[in-house]
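User: I have a new model to look at. Can you walk me through it?

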Amino acid sequence: MQSFDIGLTRRRLLKYGMAGLGLAATTPFFGALADTISDATQTFSGPLISGKKKDGPYRIGFANGFSGNSWRAMAIRALELEAAQHPDIAELIVVDGQNDITKQVNDIESLISQQVDAILVIANSGAAVVPALNNARQEGIIVAPFNLPIDGEGYDVYVGTNPEIKGQSSGTWLRNALGGKGKIVALGGIAGNSYTAAGWAGAQKAFEGSEIEVLAYRDTDWSEDKAKVVMSDLIAAYPEIDGIWADGGQVTAGASNALLAAGRPLVPVTGDDYNGLLKLYAAQKDSQPKFDIGLISEPTWEGVVALRNSLALLRGEELQRDLVITPKLITKDNYTSYIRPELADGVFVDTNLSTEELEKIFG
């Protein structure tokens, strides 16, 4: 398997996708932040996949694992807008697994029975969906997981971050921010979810050999409100908490607000590109000297690339199978390039959606 880093910017990546699809570079795709977060590294790997040309119009299915937060709402809207740009897409069918592994498997089987041409998927479990996706490929359906890898190689194209590497990078940042020692709590997403499990595994590798003591790990369903409740319990149990590791910015925003409500000092935190956390940092950094951020975004436009790559294979084109995105670390030194003070807390700022679209979603 060959892997190489071609050092594309985000803008160049999206142009690459359009060129591969024969679209004009002036396609009105880029949002207001198109050039703001343009420094993610994209690494292509895996075998070269040759598509088998199939006449359109195409019917595309998206098996979403759940739709319980604003990241998913933004990802779905980005997909809908992208699908509308392609005259050869007849229908985009979006199904919601409701955070239930069995339901998501049933959703995939339903998409197969509806004879869609491609299935995009964010898996609740990277293992449980494999048999259903294998069935899809046997029916000639393109399988394109994004955001979360699936187990094995039973897919056609993948795009997303590497959650374990991402967790290790954020864990390394937290370790350094604490000078290699301190008491931390870890807050994950959904119990049993492969993404959060891989991220936490990576973070624990980063803590090996240090004097970082993990007081507790708790799941929060990637919910700001639940994270605040969970953190309140941890605050009551532990008189000293020096740092918070989490794989979601909404989680650390909720946890930090719990610290504020308890009259405890804010501490170094990890997370992603959640606007509410960036706004909280901007508001509190001057009065909270220990408050620090080490954030790695999870782009909501990953599904757009997955859709474009699926269409390329349906049109008989050739693609390298895997595309891993490594966003740049957001810290106190560069956060002003990412924060959107005029927009809602729930916005994830690494997005291709326009300000107008974001205002429609968040009101």
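Analyst: Start with β3, helix α2 (residues 70-84) and β4, which make a right-handed β-α-β unit. Right-handed means that, with the strands pointing away from the viewer, the path from the first strand over the helix to the second runs clockwise. Helices (H or I, at least four residues) and strands (E, at least two) are DSSP runs, numbered from the N terminus. This is a predicted model: local features need pLDDT of at least 70, side-chain atom pairs count only at pLDDT 80 or more, and totals for chains, interfaces and linings use all residues. Residues are numbered from 1 along each chain as its sequence is written, and side-chain values use heavy atoms, leaving out hydrogens and water.

User: In which sense do β3 and β4 pair?

Analyst: Parallel, over seven bridges. Pairing takes at least two DSSP bridges. Tyr58 stands opposite Ile89 in β4.

User: Switching topic. Which residues of α9 are buried?

Analyst: Asn275, Gly276, Leu277, Leu278, Leu280, Tyr281 and Gln284. Buried means under 20% relative accessible area, exposed over 50%, partly exposed in between (1.4 Å probe, protein chains only). Seven of the 10 residues of α9 (residues 275-284) are buried, so this helix is largely enclosed by the rest of the structure.

User: What covers them?

Analyst: The cover includes α8 (249-261), β11 (268-271), β12 (292-296) and β14 (329-330).

User: And aromatics: how many pairs?

Analyst: Nine. Rings of Phe, Tyr and Trp (its six-membered ring) pair if their centres lie within 6.5 Å; planes under 30 degrees apart count as stacked, over 60 as edge-to-face and the rest as tilted. Trp200, Phe207, Tyr217 and Trp245 form one cluster.

Key
Contact means heavy atoms within 4.5 Å.
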